[in-house]
Amino acid sequence: MSQSSRLRRLLAMGVSAAAMTAVAGPALAQSVIEELVVTAQKREEALQDVPIAVSAFSQDSLEAQKIDGGPNLQTAIPNVTFSKTNFTGANFQIRGVGSKVVSGASDSGVGVHLNNAPLTANRLFEAEFYDVERVEVLRGPQGTLYGRNATGGVVNVITAKPVDIFEASVRGEIGNYNTRKVRGMVNLPIVQDKMALRVAGSLLKRDGFGENLTTGNDVDDRDLWAARATLSFNPTEGIRSWLSYEHFDEDDKRARVGKQLCVKDNGPTSVGPVPVSNPFARALLSQGCKSAPMGDPSSLGTVNGAATLAGIPSIVTGILSGDPYAGKVQNSDLRKIESFQDPQYRAKSDVWMFNLELDITESLTLTSLTSFNKDSYFTFQDYNRITPVANFNPTPLTPGGFFTDPQLGRLNQLATFDISSSDSEQFSQEIRLQSNFEGPLNFNIGAIHLKLDQDTNYYVMSNGLTAAAVAGFPAPGVYVDPSFPPAGDGHNYYRSAGPYFLDATAAFGEVYWQVMENFKVTGGLRYTSDEKRVDSLPNVLLSPGRGGRPTIQRVHFKETTGRLGFDWKPDLSFTDDTLLYAFYSKGYKAGGFNPASAAGIAGIETTFAPEFVNAYEIGVKNTLLGGSLILNATGFYYDYQGYQISKIAARTSVNENIDAKIKGVELESIWEPVRNLRFNATFGYLDTEITGGSSVDTLNRTQGNPALTLINGALVGANCVAPTAQVAAVVSLINNGFPAAGVPPVNPAYLINACGGGYRTGSTAATNPLAPLGIFLDTTDGVPVSLDGKELPNSPKTTFSIGAQYTWEFGGAWEATLRGDYYRQDDSFARIYNTAADALPSWENANLSLRLSNNEMGLDVEAFVKNLTNEEAITDAYLTDDSSGLFRNIFLNEPRTYGVSVSKRF
């Protein structure tokens, strides 16, 4: 056994590849880096002995590197990105694989686990880490050991368990934005060596990072708390168990999405040689926002409201005369919004877990893990986050220029808000049998059953839509829901809903063959059965009646996957300890449903297919220079079939499958050249390439072809294109406004239904009023774009981090530690089309801290600053639907924060 192996310690402070705390032996020239013990392979192993690309962090290292919660993990792991997403979710992406699918029936490419139990709905990226034993992030396909399979990797949070001694701690923090944080823990032994109780909690309150210029209030604040109680019971040496309950609660004005970006599209001044003289016709040839880079100063413009689902009926009913945002420019501060009401954000979760380990023999251990999770959230926010400049016209619908909407109240301007909400319950039961034989063969096998019931709703409510419903446009008899929150049976708002039911069963396991003392072969298999059902509700906006009958969609996926590889510990003269490994893995993620309302969209199937990846990985983990240097490297190649990706079309999210290839390299290193001075660094290189397929870019349907002209289809669901000559003929009639024999007067409203397809060549007067004149509109979805060679979204070429710290030791057990961390992420794209409008600029982050400690007193005092340079980074962007005007919602990192914390251990 090497010197570094003998000197490993448990649960030392760790970053990325290994723990970083070092101890200096009197006979050693260098310090020795202690390692974190992990259970990435469902057994305790030093991190350097695990033949997997895994990064692990203890509670101490999380605090040292200012990793307060899940979003901050990206700053310390290569080839990882993070961003919030549009519908109250998050995309934690590993090696280009994450959650770019918008569907209630989709699975995440990166699995989130708590104490090894999968949590489909979770608060990992909202709650703060508190009283955790460690956080493990495994990169690459997982499934032969973990309960739920994942194509990208796994984030596993292991909470601290009760121990047989009394201990307690409390940590308080104050900072800018009026931040107040409190974390605490008490561990109580009840029956020595048999029963103990551990209780921990966390509280966070701060003012908003942004401001609502309309109300004058802060927005994007935080007000949350979480608590956990864990009871351990070990009646005999061969029986170990623990029971845990955790609660999370948030109620504040946190912004679900950031500012809206748009370069206004006023519509063409002419179509071919024909001028567009009618302003409403010009709006109906606009898509709302143009394609432009997010950094373009003109992106702080506003959507052409006359080209949106809420604006068009408002003009038809006479309560508006045109674009209500005409001439408006947004405040240049990306964190400032304008809204009639402040956002509402409420989230709760309850997690119960019971783990039982039973030693059947000295060499066989049976483990049972039971979990139950209830999760809910409700968010209410301005859809545009911009107040109009134009008021409603006084009409019988709007007496005195005001309209009272049951959901939004009495206002004199156009207002649109949305609600994203969900309630879910999940139960899982996992059983594993693990061997520890003296011979060369061992195994770890198991099975899991998981059931999920989830009811997710998304509403878009506008007083312009409600006014149209009251006026009987486009059809009379629309039921106006009188309640808030909406009951769900009104047709005066858009609602996307589909109760989702998942019944998943899997059997999995690995076999280990120790061919030689230093050479081991591992083979793993997994069989997965995923049964899914969605009760998809129809899109009934502005349709007569109330409610709607759901369409029942069912699908069943069955797959067998696995992994095969080896790890080898060669005896090399120039290293203290080396582990070489190489593995092939086949990853799988189940498919799902496209909404029933997506039926008829070109190229969109009722279901989207599963995702598969053939992953090849080689790696080396080295301990060098007497244990003072850790240097790890990983290379990987992925061949993807059916990579799942979403786009918004026809007022709904639809999902497609594409093929891709991914390759990359990862480096992780820690070096302690002398006592008390240490460095850590990570580097990730990622090369992603879509290998085929085509898709219509809704932001640029004509692809610059002058022979095609865009027509606004907000009221029928999606924009379309038609031959320019045909559109010019219609515009000419609109300009002249003359009737012909048997033909009604031609007005701009003729264009409203053009994208419905009823005006195509061969149509009759029954659907096409201009058919007697021989005028048709042969509409299509647009020009497909080849995706071959494009990069996958949110996949920067490089990610890089470096950290350094030095500790000064004083008398009386006092010491001071100065630490700095730097992270940089290369530029990437928000969408698969890789246009200039999709570009996400590179960004960086720097943290700095100074900690004064006295280990004998159990006291720490720390001053810190995060995001030292106040970098304002757009982490991702979401392109909205045609009917909304194709504006983009952006998501930002946190601004510069600083503060002081005091910790006391008892």
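## Terms and model

A residue is buried under 20% relative accessible area, exposed over 50%, and partly exposed in between (1.4 Å probe, protein chains only). Leu 243 has a relative accessible area of 45%, so Leu 243 is partly exposed.

The model is predicted: local features need pLDDT of at least 70, side-chain atom pairs count only at pLDDT 80 or more, and totals for chains, interfaces and linings use all residues. Residues are numbered from 1 along each chain as its sequence is written, and side-chain values use heavy atoms, with hydrogens and water left out.

## The whole chain

The protein chain holds six helices and 54 strands. Helices (H or I, at least four residues) and strands (E, at least two) are DSSP runs, numbered from the N terminus. The C-alpha atoms fill a box of roughly 105 × 55 × 45 Å along the principal axes.

The radius of gyration, taken over C-alpha atoms, is compared with a globule rule of 2.2 Å times the number of residues to the power 0.38. For 906 residues, a compact globule would have a radius near 29 Å; the protein chain has 30 Å, which agrees.

Of the 906 residues, 60% count as buried. Contact means heavy atoms within 4.5 Å. Among contacts with a separation of 6 or more, 70% join residues 24 or more positions apart.

## Leu 243

Leu 243 sits in strand β20 (residues 239-252). Ser 232 is eleven residues away in sequence, and 6.4 Å away in space, C-alpha to C-alpha. Leaving aside neighbours within four places in sequence, Leu 243 is in contact with Ala 229, Thr 230, Leu 231, Met 353 and Phe 354.

## Gln 142

Gln 142 belongs to the loop between β12 (132-139) and β13 (153-159). Its relative accessibility is 15%, so Gln 142 counts as buried. A polar atom of the Gln 142 side chain lies 3.1 Å from the backbone oxygen of Gly 140.

Not counting residues up to four places away in sequence, Gln 142 touches Arg 148, Asn 149, Ala 150, Gly 153 and Val 154.

## Ser 828

Ser 828 lies in strand β48 (residues 828-829). Is Ser 828 buried or exposed? Ser 828 counts as buried because its relative accessibility is 4%.

Which residues does Ser 828 touch, not counting those up to four places away in sequence? They are Asn 794, Ser 795, Pro 796, Asp 838, Ala 839 and Leu 840.

Conventions
Polar contact = N/O pair within 3.5 Å; in protein donor to acceptor, adjacent residues only side chain to side chain.
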